[in-house]
Every structure is written in structure tokens, then in C-alpha cells.
Amino acid sequence: MLSIALVALVAAALRIYLIIRDSVPFAYDMGRDLLWVKDIVFYQTPTLIGPAASIWGVYFGPLWFYFLAIPLFISGGHPLSAVYATAATIIATGILAFFLFKKYLGSINALVLSVLILFNSTLVNISTFAFHANVLPLLTLLMIYFCFLAVVKNPIYLSSAFLSVSLMFHADPAPAVVNTFVPVSIALIFKLNKSKNFKNVIFYSLVAYFVPFTPQILFEIRNNFIQTKSLMAYFLGQNPSLSGQLPFFERIINRLDVFFEFFKQSFTPQGRMLAVLVLLAIAIGIWTFFKRENLKDLKILAKINIYSLIITFLIFTFLVTVEVKDWYLYGTPVIYAFLATIATLALGKNKFLKTALLILFIFLNVSPFLASDRTASSKVDPAALANQLKAVNLIYDDAQRETFSVYTFTPSVYDYNYQYLFWWQGQKAGRGL
């Protein structure tokens, strides 16, 4: 207990330090999200949907915005509250990983899993800005956990795995669609469909899967099924959304590169060769682990993570023909962490070697964030919240309480971030509009 508390405290301190030192990126989509949230919180205007998604005529689910509503209300509208809420979900992912799998991995190996989640470069990075896809690591962990329980305990847990996947639609529809195939495949691979009362499992899984869609379903009924029609048009090739389609063989190479680059960013941001060596070491460790006798439950856990990674890759390669955005894979570092943890089981009870490897892992992943050039670049970055607030304050100081207009010219075209900052300063801080 003391160990995981210390690890979580250090992980939280690192994120708070980076946020205070470098400020945070306040991009137009974060500004857009907060504009929606402030309507919910401060103007009591509930919503059944979020902003438009990548497919024309299809909208995000609203749960992400209701999630941000609480910290925004407590902070009086401060944009950093959304960032700290996002960072808290990543910290919660590492803590939950320890407690959920301590029984099966043992305390030491569960702590290894937690460290690999809390200190990998990708999950440290996405803790420093608020973005809807940043909750995917937590939902991926829950999906893996409930798939595991469905196999080793009771197939009824499959319904909770489907609930976790369904909630991903409120984070980002693309990875949610892909991950829907994971619990389905796990059920077939481990022959859960042959268990008694599997009809009940199907029923509860369908209910759990569709409950988070309740707001969208109500919206569809009220608006003549506009999203359903847009989706049908998309799959029929009549809705030209999500451009960037790749030919089949080129797509295979692209997806291999995307998944490898994402592993490199998450575990060995220093270089490709080091990433190849680490991948080779993990593969050898897993192969050695499977040669050992007994450990039935752990082997099932390893297989579930391997299958999940393979299924995700295959769906993104063969069924998703358009560009795969980085944030579609924000859940995969959790799967990588599981596989790396299982590989360390080949080391047995060698605490010294495991500790040395963890220290090296933390150094490799944290050191880029502590580089002086990162701090220097953030001080002049126009995307940084601190610099945008300087611009806003300059305008207010120049206006001297007189009426003024602001025209914003930004490379991203959309100026939602400045719209939100002026609302926050003008309305909540009482500086006038």
C-alpha cells in the first residue's frame, strides 16, 4: 500500500510540476469543449450530444462534457481544471491497475504494471492537456479487466467489458468501434458462448452497450434520425468524410509504422533501435513465461492482451481504410504495459533487476520532459495557455474598461480557445466583454 501510494504521489507531482512550469496547450478543440461545458454548468443548458465528430452529420456523445462540468464549476471556469481532471483519470488508471490485478500478479508485479502506466511518455504527455480521447487508457484498462474476469470467473462480466467499450464512444468514436470487436472476439476465442445461460450474457451485454447511447438515441428520435442517415451514407460511400484513404498494401506498412511509433513514443522515446531491442526483450520474456507450467490465470491475462493488440491492429488495418490518428491509440499503452509486465515475470523474484529496469524506464520516459529546451519553447509557444492569457490581459489593459472588439487570426482558423478565454475573463472574472 505504501509503495503504490508513493508511486502515485510522485506521478501526480510530476504532472503538476510540468503543468505549472510549462503551462498547457490550449488548442481550439479544448476551447470548443469548454464552451459546451460552460453552457451546461453556468447557463443550465443540458445537451444530448457534443460537437460534430469527424463523420459529417455525426456528433460526439455528451458524457465527456458532463465529466468536465464538475471541475469547471468548482474552479469558477478556470481552463486548468479540465487539465487536472484529465490528469486525474491517468493517475486513477495506474492506481486501479495495481488494485485490480494485485491478486493475480502479486504486489511487486502489480506495482511494475502501475509504474509502466504512470510513467510512460505518452500517458505523461496526455496528462498535460484536456482532450476527449485522453480517458481511453482508463476505459481500456477496465475493458481488459472485465474480459479477464469473464474468462476466469463468470461470463456475465462480459457485459461490463461492453459497457467500458460503449463509454469509449463518448471519448472518440473511431477507437470505440474498433474495440467493440475485442470482447466479441474474446468470447469466441475462449468459447464463452458455450457456457450456461449465455443468452443472459448476450442480453446484459446488449443492455450495457446501449445504455450510454441513451442521450444520442433521444436526440435521434427528436431529430428524424439524422446521425443514423449520415452513418448509412458514409458506409455507402455517399458521405465524403474522413479523407486520406490508403491502398491495401501501403496501408499495412503504414499501420505497422503507426503502431511501432506509438510503442516507441510510449516506452523508448529516445530512438527506434532502442525500441526494437525492448520489443525483442518483451517478446523473449513472454515466450519464456509461456514455457513455464501452471500460472493458468496469468497466461489467460497475457493472451487477452495479445489478442486485444492483434485485433486492434487487424481492424485498423483491414476495415479502417482512412488515416489512423495518434489519439485513436491512446488506450494501447495500457496493453503494452501489461505485456511488458508479463515479460518481466521471466525474471522470477529478482527484485534488484526489476528495480533497475524500472529506474531505467522512468529515466528514459521522463527525461525528455525535463529538458531545458522544452521549457524555453513553451515560453514562446502561442498555443500555451499562459501566453494566450498574456494576450488577453494585454487587451484588457489597453482597453481600460472601454468597449472593444477583438479579431483573432490563428493558424488553426477556429478561435474557440480565445472565445472561451474572453468569456471566462469577461463574465466570470467580471472584466466585461
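Predicted model: local features only at pLDDT ≥ 70, side-chain atom pairs only at ≥ 80, totals over all residues.
Mentor: Residues are numbered from 1 along each chain as its sequence is written, and side-chain values use heavy atoms, with hydrogens and water left out.

Trainee: Why is the pair of F162 and Y209 called edge-to-face?

Mentor: Rings of Phe, Tyr and Trp (its six-membered ring) pair if their centres lie within 6.5 Å; planes under 30 degrees apart count as stacked, over 60 as edge-to-face and the rest as tilted. The centres of F162 and Y209 are 6.1 Å apart and the planes stand at 85 degrees, so this pair is edge-to-face.

Trainee: What makes F162 count as buried or exposed?

Mentor: Buried means under 20% relative accessible area, exposed over 50%, partly exposed in between (1.4 Å probe, protein chains only). F162 has 13% relative accessibility, so F162 counts as buried.

Trainee: How do you know which kind of pair F263 and Y336 form?

Mentor: Their rings are 5.2 Å centre to centre with 90 degrees between the planes, which is edge-to-face. Both F263 and Y336 are buried.

Trainee: What are the residues of the lining of the largest cavity, nonpolar, polar or charged?

Mentor: Ala, Val, Leu, Ile, Met, Phe, Trp, Tyr, Cys and Pro count as nonpolar, Asp, Glu, Lys and Arg as charged, and the others, Gly among them, as polar. The lining divides into five nonpolar, five polar and no charged residues.
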